[in-house]
Amino acid sequence: MTNRIDNTFSVLKEKNRKALITFVTVGDPSIEDTHKIMNLLVDAGVDIIELGIPFSDPIADGTTIQSASQRALANGTTLKSILSLVTRFRKNNKHTPIVLMGYYNPVFRHGIESFCSDATNAGVDGLIIVDLPPEEDSLLRTIANKDDLHLVRLVTPTTDEERLSIILDGATGFLYYVSINGITGMQVIDEKTIEERINFLRQKTDLPIAVGFGIKSSEDVRMIQKYADAAVVGSALVKKIEEIGEFHKEGELFNFVRDLSETHVP
Amino acid sequence: MTISDTYHHQPDENGHFGEFGGRYIPETLMPLVLDLNKHYRKLKDDKEFNRLISYYSQHYIGRPSPLYFAERLTNHFDGAKLYFKRDELNHTGAHKINNALGQVLLAKHMGKTRIIAETGAGQHGVATATICALLDLPCFIYMGESDMERQSPNVFRMKLLGAEVIPVSHGSKTLKDAMNEAMRDWVTNVENTYYVIGTVAGPHPFPEMVRDFQKIIGIEVKEQILAAENKLPDAMVAAIGGGSNAIGLFYDFLNDTSVKLYGVEAGGKGINTDEHAASLSGGEPGVLHGSHSYLLQDDDGQIADAYSISAGLDYPGIGPEHAYLQSIGRVNYVAISDEEALSAFQLCCRLEGIIPALEPSHALAYVSQLAPSMKQDEIIVMNMCGRGDKDIFNVAKHLGFEI
Ligand SMILES: Cc1ncc(COP(=O)(O)O)c(C=O)c1O
């Protein structure tokens, strides 16, 4: 079995298309709503779903995702309920890659071995652990890779060439370029910097490159997709979910995401 | 004489104290923390840097702080001889300034132009604001709203010193939340900003570096106690929030295994309740704020809110070196409740004429249990790591006084 992330990027490449990745905090406003939203995202053209594991102390997140995490925790969202959500989602969707994104402590507490095997069995394809740099990730990475889970590494504007080689050594799945020095939910930086950074990364790796943080609109997505293989929309979507609160098939949220994904047109 | 150095080999080059410590931070911060580490390694043994530290320590902070024989308390406890290491007499009233001085000098050397810090009791905030005034650097202090309320004198002191105090209204509105917010600031302002962490927590090299700036406490004690008693103490006691005054007191004695070491965590309303801040006595291993240590947390790895009457101890984690020292059995960690600390606070005022901070009041409460069980020719050294002026409003409230 090939990993769905690899699959998705190679299919898109054949079609000469770029990916849209969306992030939602699981359990905001409820686990059942997240299930509906996941199906809606797929219908609206999202290629990869990132599911945020809520954490009590999200030091890399701005107020939007902080509040979403708090709401999710308040209504009882746990790592177990997240994995069972993925299991249910997989009953009707065998192809959309799912990446769990979060902080290390919940994973550590769950137990790394059992977390990786539970995640794989549920149908998860990759992990992004925000506070786990390469220096500390070998345990999780080794076990994850054995279970055919990608542990996605992050690159930032502060990454220099020497650091990049450390990050690339062992990186699988795709590379996540954090577009700004900062937390989620801030403004996007300018196009020229993105272009330069992506070109720099391209010289060093063949992995697909996704760009995230600060991407809010279809214009942003389109701009990012000119250079990178994928654009990640997070806070903007989480905010919409908070504002809308209703997730019909053809409703406002659907239109918002649909709009983002129409940038696919080559 | 050969001295065995068993306990001074930590951490390794990636900041691991045994299995604890390390660097668990967003990638954006990694280059900064690596750079900080490089600069710190270089400066650590630099003559001029160390000359500046000793100059300011002596003439500005007032070091060495006295080692004082607390005779009336000794008589009262009717057991071991009790000495106070009087770090509450330091400029700004706590041990925190030893660390703030070192780190702000380092920041200046690195060319950083903006200083941020978190604070709980406000002592670290005041110390950092003080050194920033002295060295002419803009200073921003994150502080939880409920700490601003219970430590209001320190909020005003920071403002007088020219710092901006930024209220944090998330979570339990205490130290943990202030630290979250400071980290977010740091990730956002990586170019010009230096984050002065106030205790032996955070990613490597902070736990090691803060320890190194605080170990002067124990180094002085060793000289002073040998001069006074011609022998080493039998026991040492210090309060633990993140653990900086404790490791500062203990470090020079780690290899002297005849000296029993006690770290006193905040037991709040009791470690069998869920209102306490005793991470080692009542927590589990985990990862928070950059390092692997012990944490108060639930079964799902969500961090629990700590609770203590003392804002400086009200933190759900503890420095990784303490987790390590517990794991190898070198230090004993115990817990003291709010109530016990409050009685020790009052006892100290009346018998010694010293108004202690609520943090060392926890240490003293443990001394009140330990001393009577020891012989009269045995010696206890306790770190009187802060003075209690900041706490009088809070204590008055708890004792039912209106002032
Ligand atoms: C007087 C005093 N003692 C102790 C502490 C706790 O910190 P640490 O455990 O790092 O010494 C504080 C923290 O604010 C403090 O102000």
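**Entry 1: the largest pocket**

I began with the lining of the largest pocket, where I noted eight nonpolar, five polar and six charged residues. In this count Ala, Val, Leu, Ile, Met, Phe, Trp, Tyr, Cys and Pro are nonpolar, Asp, Glu, Lys and Arg are charged, and the others, with Gly among them, are polar. I kept in mind that the model is predicted, with local features needing pLDDT of at least 70 and side-chain atom pairs pLDDT 80 or more, while totals for chains, interfaces and linings take in all residues. Residues are numbered from 1 along each chain as its sequence is written, chains are lettered from A and ligands numbered from 1 in the order written, and side-chain values use heavy atoms, with hydrogens and water left out.

For the volume of the largest pocket I found about 430 Å³. A pocket here is an open set of points on a 1 Å grid where a 1.4 Å probe fits, with protein on both sides within 12 Å along at least five of seven lines, and a lining residue has an atom within 4 Å of a point. Of the 19 lining residues, I listed Asn50(B), Ile53(B), Asp212(B), Phe213(B) and Ile216(B) as the closest to the pocket centre. Two or more lining residues come from each of helix 1 (30–44), helix 2 (47–61), helix 4 (96–109), helix 9 (206–214) and helix 10 (216–229) of chain B, and helix 2 of chain B gives the most, with six residues. Helices are DSSP runs (H or I, at least four residues), as are strands (E, at least two), and both are numbered from the N terminus.

**Entry 2: the second largest pocket**

I then turned to the second largest pocket, which holds about 340 Å³ of space. It has 23 lining residues, and those closest to its centre come out as Ser56(A), Gln70(A), Leu73(A), Gln302(B) and Ile303(B). Helix 3 (63–74) of chain A and helix 8 (175–188) of chain B each supply at least two residues of this lining.

**Entry 3: two helix pairs**

In chain A I looked up helix 11 (residues 235–244) and helix 12 (residues 252–261), whose axes come within 10 Å and cross at roughly 165 degrees. Helix 11 and helix 12 of chain A are therefore roughly antiparallel to each other. Helix 11 of chain A makes this contact through Ala236(A), Leu237(A), Lys240(A), Ile241(A) and Ile244(A), and helix 12 of chain A through Glu252(A), Leu253(A), Phe256(A) and Val257(A); by class I recorded seven nonpolar, no polar and two charged. Both angles are taken, from 0 to 180 degrees, between N-to-C directions of axes fitted to C-alpha atoms over the stretch in contact.

**Entry 4: backbone details**

I found a cis peptide bond from Asp28(A) to Pro29(A), with omega near 0 degrees, and placed Pro29(A) in the loop between strand 1 (19–25) and helix 2 (31–43) of chain A. In chain B, Arg63(B) and Pro64(B) are joined by a cis peptide bond with omega about -5 degrees, and Pro64(B) is found in the loop between helix 2 and strand 3 (67–69). Lastly, I noted that Phe213(A), although not a glycine, has a positive phi of about 85 degrees, and that Phe213(A) lies in the loop between strand 8 (209–212) and helix 10 (218–227) of chain A.

Technical notes:
Points joined across faces, edges and corners; volume = space filled by probe spheres on them. Parallel < 35°, antiparallel > 145°, perpendicular 65-115°, else oblique. Contact = heavy atoms within 4.5 Å.
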